[in-house]
Amino acid sequence: MYLNKTVPLRPGTTIERPARYLGGEYNSRKPREYADFRICLVFPDLYEIGISYYGYQILYHLFNQIEGVVCERAYLPWQDMQKELVNRGQHLCSLESNRPLKDFDAIGITLQTELHYPGVVKILDLAGIPRYARDRKQANDRTGTDYPIVLGGGPCAFHPEPVALFFDAFLVGDGEDAVSEITEMMRKREFKKSSLDDKWHRLAQLDGIYVPGLYRPDKTDPRQLLPDTGARARIRARTVVELKSEFYPARPIVSSIRGTHDRLTVEIMRGCTQGCRFCQAGMLHRPVRERPVLEIVEQIVSGLANTGWDEIGLLSLSTSDYSQLRPLLQILSDRLAAKGENNGGTRATLAYPSLRPSSFTDEMAAIDTGGKKTTLTFAIEAGSERLRAVINKAVREEELFDAVNRAYQYGWNAVKLYFMIGLPTESGSDIEEGARLVSRLARKVPRGREIRFSISPF
């Protein structure tokens, strides 16, 4: 719990959704009493959003698998709890042990979107950690004060300069293989006893690690950064070659309150072959790597048994491009139907991520796990075929109509469409054509079914 339980709330003080701060979720880890390396994974947004982030489920599992290592979690509190922490003079703590963030060896902050940047600053302030890496270095040089190493990761680590001053280092790319290397280096006594400048130089020797404090702008070309002695001139993103089964937790954390994705999430592939011109994720996560069918099925069956969830999300950038999708769906349907018969009739629902209409097959639509068929999502992105061609999003209207009709035919309750506005070369006629497309689709919706759409600015 974030607050000191011995100090009561002031009269009239209310905390919205206090379960955000209690910890103790099902399958969360009780920290070991002894550890030679402690890291706290911090999500710079609300608990409901962060608890649904699958990357932290993986990292939490991997760190805690290492003997002598403790990995805990924290999330950005809502404004009422932020105010209460400040009024009490308390610092932001971890959920598992109520340990202040500033007492960890390292804190890892994911940067999923640019909207998380203000949350990074707020977290450091609430934790009592100087915002800027240079201030932490000066404190270390003057008084030997040791603050935790502030590590950044996630998609925005590929373009980190807007927030580079706040971080000691960034991990660029996949993190699974880096966990053991970072741990092995940072748990050593000689690393802990080093100055912060020396720690920066040591971290810079690891593949995929960018240490902003070891670079300076080129006076002749401000767009370029010049490395100090010992720092790499070029940082290459880390890429996991094989998605190993041991990366994935058999007992993922189940949130205390409903998260944004309240279901069992299982990654089936990483990367995408489509090459849509606006898609950051498709470019960052190349090449395509697939997991074996039986490993996926076993993780799903185990995950359902260890969590109590009754919905499964198949995670990928383009699930319909998974080459073994047909056998996966067949085996999954048989296993989950059998599981439901042995569990008093309780069945699991299968949820697909965003799909391409052209590859939404009868087999995908007809999958029968015995659970409810809720919502299918198709990412259309642009309203007109002309604009979709510009961004390399090859979706024809007849394919979309066929996919929507197929969804309703096989019993799906709702279809959701994603659109974007502000794409390059967009004109008013493209937006109008998108509105007409939605109107025509709406007239095709059977009674008792729904069609939804969302519009996001580029």
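Which residue in β12 does Val-266 stand opposite? Val-266 stands opposite Leu-314. I will come back to that pair after some background.

The model is predicted, so to speak of local features we need pLDDT of at least 70, side-chain atom pairs count only at pLDDT 80 or more, and totals for chains, interfaces and linings use all residues. Residues are numbered from 1 along each chain as its sequence is written, and side-chain values use heavy atoms, with hydrogens and water left out.

Now the sheet. Its three strands run in the order β9-β12-β13, forming an open sheet with parallel pairing. Strands here are DSSP runs of E, at least two residues, and helices are runs of H or I, at least four, numbered from the N terminus. Two strands pair if DSSP finds at least two bridges between them. Because β9 (264-267) and β13 (349-351) each have a single partner strand, they stand at the edges, with one side left without a neighbour in the sheet.

Back to the opening pair: β9 and β12 (residues 311-315) are joined in the parallel sense over four bridges.

Next, strand β4, residues 149-153. Five of its five residues are buried, so β4 is largely enclosed by the rest of the structure. Buried means under 20% relative accessible area, exposed over 50%, partly exposed in between, with a 1.4 Å probe and protein chains only. Ile-149, Leu-151 and Gly-153 lie on one side of β4, Val-150 and Gly-152 on the other.

β4 pairs in the parallel sense with β3 (residues 106-110) over five bridges, where Ile-107 has Val-150 as its bridge partner. With β5 (residues 169-171), β4 pairs in the parallel sense over two bridges, and Leu-151 is partnered by Ala-169.
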